[in-house]
Amino acid sequence: MPEKPTPPKRRPRKSAPITPLDIFTRVMQGDETITDRQFDAAKVAAPYLHPKLAGLSMNAVVRRSVEEFSDDELNTLAQTGAAGRPD
């Protein structure tokens, strides 16, 4: 009787990569399986994968000072938080 061919071995699925943010979150949640080496590597890699928003430039211009607003405009700002944009 001929031998049955063996099916090819399946490759294990690749899981999503673990990011430095994942490492930090797991440490904060008390996961003690994270090694010091993994934590140190996450600290080094974090600035490259998760840049600070403060590092981005912003071109904001103040158009009017508070003294230039009318009383009605100031009341609207106080009530809505933005000029002419009710909540």
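Buried means under 20% relative accessible area, exposed over 50%, and partly exposed in between, using a 1.4 Å probe and protein chains only. What you have here is a predicted model, where local features need pLDDT of at least 70 and side-chain atom pairs count only at pLDDT 80 or more, while totals for chains, interfaces and linings use all residues. Residues are numbered from 1 along each chain as its sequence is written, and side-chain values use heavy atoms, with hydrogens and water left out.

**Overall layout**

- The protein has three helices and zero strands, with helices (H or I, at least four residues) and strands (E, at least two) taken as DSSP runs numbered from the N terminus.
- Reading from the N terminus, the elements go α-α-α.
- Of the 87 residues in the protein, 8% are buried.
- The accessible surface is about 9,000 Å², and carbon and sulfur atoms account for 56% of that; the areas come from the Shrake-Rupley method with a 1.4 Å probe, and for residues only the protein chains shown count as cover.

**Confidence**

- Mean pLDDT for the protein is 81, with 84% of its residues at 70 or more; pLDDT is the predictor's confidence in each residue, from 0 to 100.
- Confidence is highest in α1, at a mean of 95, and lowest in α3, at 87.
- Where pLDDT is low, the predicted coordinates should not be read in detail.

**Salt bridges**

- There are three salt bridges, counting a side-chain nitrogen of Lys or Arg within 4 Å of a carboxyl oxygen of Asp or Glu.
- Arginine 26 pairs with aspartate 31, and their closest N and O atoms are 2.9 Å apart. Both ends are partly exposed: aspartate 31 at 25% relative accessibility and arginine 26 at 28%.
- Aspartate 40 bridges to lysine 43 at 3.6 Å, N to O. Both residues sit in helix α2 (residues 36-49), three residues apart, which is about one turn of the helix. Lysine 43 is partly exposed too, at 47%.
- Glutamate 73 meets arginine 64 in a salt bridge at 3.0 Å, N to O. Here glutamate 73 has a relative accessible area of 32%, so it is partly exposed, and arginine 64 lands in that class at 35%.

**Rings**

- A search of the whole structure turns up one aromatic pair, where rings of Phe, Tyr and Trp (its six-membered ring) pair if their centres lie within 6.5 Å, with planes under 30 degrees apart counted as stacked, over 60 as edge-to-face and the rest as tilted. The rings belong to phenylalanine 24 and phenylalanine 39, and the pair is edge-to-face because the planes are at 70°, with the centres 5.5 Å apart. This pair links distant parts of the chain, with phenylalanine 24 in helix α1 (residues 20-28) and phenylalanine 39 in helix α2, 15 residues apart.
- Phenylalanine 24 is partly exposed at 23% relative accessible area, and phenylalanine 39 is partly exposed at 27%.
- Phenylalanine 39 also has its C-alpha atom 6.7 Å from that of isoleucine 23, which is 16 residues away along the chain.
- Arginine 64 has its charged end over the ring of phenylalanine 69, 4.2 Å from the ring centre; a charge sits over a ring if NZ of Lys or CZ of Arg is within 6 Å of the ring centre and within 35 degrees of the ring normal.

**Threonine 80**

- Threonine 80 lies in helix α3 (residues 71-80). Its relative accessible area is 17%, so threonine 80 is buried.
- A polar atom of the threonine 80 side chain lies 2.7 Å from the backbone oxygen of threonine 76. A polar contact is a pair of N or O atoms within 3.5 Å; within protein, one must be able to donate a hydrogen and the other to accept it, and residues adjacent in sequence count only if both atoms are side-chain atoms.
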